[in-house]
Amino acid sequence: MEEKIEQVETLGDNVIQEEKKVKEKKKKIDKEKEELKLANIELKEKVLRITAEMQNMRRRYENDIQNLYKYDGFDIAEKLLPVIDNFERAMNVKTEGNEKFLDGFKMIYEQMISILNSKGIVAIDALNKEFDPSIMNAVLTEVNNEIEENIVLDVLQKGYMYNDKLIRPAMVKVNNKESE
């Protein structure tokens with residue numbers, strides 16, 4: 001009987017040890033399960049961030065392409081403006097005997113302006129308007145108390161816009177009232 005008691009005690013000890021092993025394995029499995037849950041959450045967040053970043057990149061790329069098409073002729077327009085200025089200066093020269101020659105200049109000038117306008121390039125209308133520093137440079141001022149302050153009195157060099165982008169600001173003379 002003592003032998004049986006010893007066997008039962010040994011069996012009981014084995015059962016207790018097995019239970020401890022099972023509990024340790026369960027703790028280990030629970031810990032691994034928790035780590036996997038955290039890793040899964042982390043990966044889901046990473047996927048969301050990468051997806052958002054891809055959407056932002058696509059949006060930026062589409063905006064860049066749109067701007068590329070929208071402002072496609074910006075450089076050529078910028079380089080043509082001095083030529084337009086020279087045409088305007090040449091047409092303002094009044095000499096006798098050159099009327100036919102100036103008429104030819106005017107026709108070329110009008111064609112160039114027409115082409116620029118068709119591409120969205122327009123002169124800034126500044127004369128007798130209120131001075132706007134975002135599209136005009138005031139290079140001279142004049143005192144005239146009969147006209148409101150900050151009104152453009154003269155355009156010294158035309159400014160141009162390409163769609164909604166400034167190519168060159170207008171150089172203007174602005175009115176200042178005398179201090180009373």
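Contact here means heavy atoms within 4.5 Å. The structure is a predicted model, in which local features need pLDDT of at least 70 and side-chain atom pairs count only at pLDDT 80 or more, while totals for chains, interfaces and linings use all residues. Residues are numbered from 1 along each chain as its sequence is written, and side-chain values use heavy atoms, with hydrogens and water left out.

**Helix 2 and its residues**

Helices (H or I, at least four residues) and strands (E, at least two) are DSSP runs, numbered from the N terminus. M91 is found in helix 2. Leaving aside neighbours within four places in sequence, M91 is in contact with L102, F105, K106 and Y109. Apart from neighbours within four places in sequence, D85 is in contact with Q157 and R168.

The table gives relative accessibility, where buried means under 20% relative accessible area, exposed over 50%, and partly exposed in between (1.4 Å probe, protein chains only).

| Residue | Relative accessibility | Class |
|---|---|---|
| D85 | 6% | buried |
| M91 | 11% | buried |
| L156 | 41% | partly exposed |

**The sheet**

Two strands pair if DSSP finds at least two bridges between them. Three strands form an open sheet in the order 1-4-5, with antiparallel pairing. Strand 1 (121–123) and strand 5 (165–168) are the edge strands, each pairing on one side only. From one strand to the next, the twist averages 30°. Between strand 1 and strand 4 (residues 160–162), the antiparallel pairing runs over three bridges. V122 stands opposite M161 in strand 4. Helix 2 (residues 74–92) packs on the sheet and touches strand 1, strand 4 and strand 5; the direction of helix 2 makes about 45° with that of strand 5. For such angles, axes are lines fitted to C-alpha atoms, for helices over the stretch in contact, and values run from 0 to 180 degrees between N-to-C directions.

**A nonpolar surface patch**

L156 is placed in strand 3 (residues 152–157). Together with V139, L140 and M171, L156 makes a nonpolar surface patch of about 310 Å². Like charges are joined within 9 Å, and nonpolar side chains (Val, Leu, Ile, Met, Phe, Trp, Tyr) within 5 Å. Accessible areas come from the Shrake-Rupley method with a 1.4 Å probe; for residues, only the protein chains shown count as cover.

Conventions
Patch = residues over 30% accessible without salt bridge, like charges linked within 9 Å, V, L, I, M, F, W, Y side chains within 5 Å. Salt bridge = Lys/Arg side-chain N within 4 Å of Asp/Glu carboxyl O.
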